[in-house]
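Keep the viewer open and try each task before you read on.

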Amino acid sequence: MRTSSWWAGAVVDRLRGAGIATLLWQAGRWRFTLFCVLAVLQGLAPAAAIAASGVLVSGLPNNPAQAALGLALFGASLLTGTVLSAVLDHQAAVLDGRFARTIHETVAKATLRTAVAHLADPETSGELGALAEFERVDGFVGTVTALRELLRQRATGIGAAVVLATFAWWAPIVMFLGWRGLSFGVRKWLDHGMNLGAQQGETAMRRARYLRGLAVDSPAAKEIRVFGLAGWLVPLYRDSYLAALEVVWAGRKLGMRTVFAATGGVLLAHLLVLTAIAQTTSTPAEIVVYAQAVLSTSALGYVFGAEIPLARARKVTALALSLARRLTSAETPKHTANTIQLKDVHFTYPGRDEPVLAGVDLIVPKGQSLAIVGENGAGKSTLVNLLCGIYQPQKGEIAMPGKVSAIVQRFTRFELSLKDNIGFGEGDVHRALERAGGLGLLDDLPHGWDTVLSSSHPNGRDLSGGQWQKVALARALLAVESGADTLIMDEPSANLDVLAEEELFARFSELAGDITTILVSHRLASVRHAGRIVVVADGRIVEDGTHTELMAANGRYAAMYSLQADRFAEDIAGKEWSHA
Ligand SMILES: Nc1ncnc2c1ncn2[C@@H]1O[C@H](COP(=O)(O)OP(=O)(O)OP(=O)(O)O)[C@@H](O)[C@H]1O
């Protein structure tokens, strides 16, 4: 949120600060209260030491008892400050960890509860990206340590101001204005560096980060090397990075003028108050006390080491809370008994004008084996995502019978053990992998079921595309065993060899009858065995029937089927020719 005037910005910033307190309160109310009280007490210790030094000096040289009392009070305030500091070190470290955990939980709960379509909308994905970037930089840790420093300093400054007010009511006001002016100047100067998020620099910086990621993140890094793109990528990265920094540098140059002017203001405030003290006070004790108080009012100014992390934390908190508020209002999919029913379903991706689906009507009775076919981009995967409840239609209704198990086209390859990739800690994973035809995998894995399926993990092992597909199938089959009524497979055989594909479809057809099976595939030779085939085109279902019926209708399906059959025949002829 940006506002036009600096004071309105400051108010908004303070309100955002309330978000940090809210999260810390949630993270542990008693610990947080104790932490605040101790931080303020630690901050007041210097003011107590200033007052004690006055007692000490005024007792010298004629009143040794008073001087001794002053010395004792002085030592006690210093000691109290040191003890409180040690206790607060521990409290701040514990609360820091809890604060980071609360932010993670707030965002994770919100994102997991919502439909994925919300995550695909540009605003939400931008905010999630910004949170991920904050996390990458400092892992949300350090907020409470910074808060402690700010509380301590402010308490010190207020303590000093109270002492100074005993000299003259206007003196603390003059010092306060001087230090706040400098603080404003410093903030303005630093903001240009920190607030990249709200400036043109962010676009260039995001692009620079993306380009750097291309060189080091494994999937893209491979292609960069294969295509020899280093000579193209490196200057592109350097130029984007410099473009982003130039925006920051230009801003900082402008901000420096304000800092110089504000520094002049602080010097003037010191000159005014110290001259008045020198002219009106008569005892050395008063001079010692008031001069120290004047110097300690610097704690009302900019607190280096605390304000930047706190400003970041305010942004993180505001982002996390706004995401949580928005995402929790997402709808959950509806369920009914027995049949799958889609009524006039419309779906458009966020940021696009053209609907992908525009009036899909479909009823699938329990136990039916349905195949969905259509050209690339027709909307088959979108339909599958709607059936899984991952997306919600903007118009129309979807009713699903109970639980759905699915292998989506881009299923997740979790960097977890083989066991957890299939069962997430539950179920008969051995049987599931056996039914998916993947038991042979175990021979290749150094730690069997416990092998982490990632080559970036020590002792881990990545799998081939086909092997991953068997793992995903086992995951889906296990979900069927634990009570799913519908199994959906979106292009399950894309990476499988011919034998494995045949085996897969044989298993798939065995399942139909007990549960409803839905298959999306371009391999029409396999699809033809499905009990029912629907063709998706122009956002609707345009053909519906068995293989024989659709061939007889001589429409799109028949055309696609004949084309594939002809190609297959040509391939075979070609092979025979090359062997001749
Ligand atoms: N996340 C997304 N955001 C915006 N548009 C998308 C998104 N995913 C898919 N689309 C678009 O929606 C349309 C339908 O895509 P979908 O993946 O559903 O088609 P499909 O029939 O499954 O294609 P294929 O046979 O190639 O897998 C395409 O035009 C695609 O570009």
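**Exercise 1.** Which residue in strand 9 is the bridge partner of Ile372?

*Solution.* A word of care before we start: this is a predicted model. Begin at Ile372 and look across to strand 9, where its bridge partner is Val534. Now turn to strand 8: there the bridge partner of Ile372 is Val520. Next, widen the view to whole strands. Strand 4 and strand 9 run parallel and are joined by four bridges. The pairing of strand 4 with strand 8 is also in the parallel sense, over four bridges.

**Exercise 2.** In what order do the six strands of the open sheet lie?

*Solution.* Read across the sheet and you get 6-7-8-4-9-10, with mixed pairing. The two ends of that order are the edge strands, strand 6 (404-407) and strand 10 (540-545), each of which pairs on one side only. From one strand to the next, the twist averages 20°. For an antiparallel step, take strand 9 (residues 532-537) and strand 10, which pair over five bridges. Within that pairing, Ile533 has Gly545 of strand 10 as its bridge partner.

**Exercise 3.** Are the residues of strand 4 buried or exposed?

*Solution.* Count neighbours: a residue is called buried if 20 or more other C-beta atoms lie within 10 Å of its own. By that test five of the five residues in strand 4 are buried, and the strand is mostly covered. Then sort them by direction. Ser369, Ala371 and Val373 point one way, while Leu370 and Ile372 point the other way, and all are buried.

**Exercise 4.** Which strands does helix 13 lie across?

*Solution.* Find helix 13 at residues 380-387 and follow it over the sheet: it lies across strand 4 (369-373), strand 6, strand 7 (486-490), strand 8 (516-520) and strand 9. Its direction is at about 155° to strand 7.

Note on methods
Residues are numbered from 1 along each chain as its sequence is written. This is a predicted model: local features need pLDDT of at least 70, side-chain atom pairs count only at pLDDT 80 or more; totals for chains, interfaces and linings use all residues. Two strands pair if DSSP finds at least two bridges between them. Axes are lines fitted to C-alpha atoms, for helices over the stretch in contact, and angles run from 0 to 180 degrees between N-to-C directions. Two residues are in contact if their C-beta atoms, placed from the backbone, lie within 7 Å. A residue is buried if 20 or more other C-beta atoms lie within 10 Å of its own, exposed if 12 or fewer, and partly exposed in between; C-beta atoms are placed from the backbone.
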